[in-house]
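Hi everyone, thanks for having me. I'll take you through one model today, starting with its pockets and ending with a pair of helices.

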Amino acid sequence: MFKLRKCTEPEWANYILNRMDLFLLDHAACERKAAATGTKLALKYADRSELVEAMQEFVAEETQHFKQVCALLESRGLKFQGKIKDPYAIGLRKMLRSGEPEQFLDRLLLCATIEARSCERFELLLSVMQEGPIKELYLELTRSEARHRGLFVRLAKLYFPSKDVDARLDEFLDYEANLIETLPLRPAVH
């Protein structure tokens with residue numbers, strides 16, 4: 001399993017704890033975007049049955065996560081506010097090459113990278129959270145993000161030579177490490 005090249009600074013977790021409502025609003029938007037991305041991948045590459053099947057499960061799981069985070073919002077007297085601009089995802093999309101099959105590989109690795117960052121941040125957040133329903137949810141979500149990170153790399157290696165996947169993933173991870181250093185601290189998953 002691959003590792004990110006730049007770890008989130010530890011103070012991020014305490015910053016989030018003090019802005020949990022804003023973080024949860026962003027997180028709900030991220031879960032919704034993940035489900036939409038899985039649907040788009042399945043539709044765009046509908047001729048790849050393994051991908052379509054995997055994306056059906058992924059979308060169902062991400063939709064469930066969206067519902068869980070929205071329920072948490074509701075329990076705190078908040079309402080889901082819709083789309084939130086994510087400079088991290090926007091920045092990573094700059095790595096997408098045009099033309100196929102390169103863009104297909106890049107889309108899979110972009111998803112793997114985003115899932116890896118989410119997993120890393122949820123783990124960090126868990127380290128400072130008190131026991132309770134939010135911590136229980138984030139423990140479940142952390143495990144899910146770790147599985148999804150691996151899923152997208154496995155799918156890439158199903159459709160592309162392993163050496164090509166590993167080389168392109170290295171490029172993504174280098175780019176992501178530089179990107180994460182440029183982004184301001186904000187109450188968001190990424």
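So, which helices each supply at least two residues of the lining of the largest pocket? Keep in mind that what we're looking at is a predicted model. The answer is α2 (20–44), α3 (49–75), α4 (87–93) and α5 (102–126). Out of these, α2 gives the most, with 11 residues in the lining.

The volume of this largest pocket comes out at about 720 Å³. There are 31 residues lining it, and the closest to its centre are Lys 33, Ala 34, Thr 37, Ala 89 and Arg 93. If you sort that lining by class, you get 15 nonpolar, four polar and 12 charged residues.

Next up, the second largest pocket, with a volume of about 250 Å³. It has 16 lining residues, and here Thr 8, Arg 121, Ile 180, Leu 183 and Leu 185 are the closest to the centre. Two or more residues of this lining come from each of α1 (11–17), α5 and α7. By class, we have seven nonpolar, two polar and seven charged residues.

Okay, now the helix pair. How do α6 (133–159) and α7 (162–182) cross? Their axes come within 8 Å, at an angle of roughly 135°. Oblique is therefore the word for how α6 and α7 lie to each other, and the crossing is right-handed. On the α6 side, the contact is made by Val 153, Ala 156 and Lys 157, and on the α7 side by Ser 162, Val 165, Asp 166 and Leu 169. That contact splits into four nonpolar, one polar and two charged residues.

Note on methods
Residues are numbered from 1 along each chain as its sequence is written. This is a predicted model: local features need pLDDT of at least 70, side-chain atom pairs count only at pLDDT 80 or more; totals for chains, interfaces and linings use all residues. Side-chain values use heavy atoms; hydrogens and water are left out. Axes are lines fitted to C-alpha atoms, for helices over the stretch in contact, and angles run from 0 to 180 degrees between N-to-C directions. Helices (H or I, at least four residues) and strands (E, at least two) are DSSP runs, numbered from the N terminus. Angles under 35 degrees count as roughly parallel, over 145 as roughly antiparallel, 65 to 115 as roughly perpendicular and the rest as oblique. A crossing is left-handed if the near helix is turned anticlockwise from the far one by less than a right angle, and right-handed if clockwise. Contact means heavy atoms within 4.5 Å. Ala, Val, Leu, Ile, Met, Phe, Trp, Tyr, Cys and Pro count as nonpolar, Asp, Glu, Lys and Arg as charged, and the others, Gly among them, as polar. On a 1 Å grid over the protein atoms alone, a cavity is a set of points where a 1.4 Å probe fits but cannot get out, and a pocket is an open set with protein on both sides within 12 Å along at least five of seven lines; lining residues have an atom within 4 Å of a point. Grid points are joined across faces, edges and corners, and a volume is the space filled by probe spheres set on the points.
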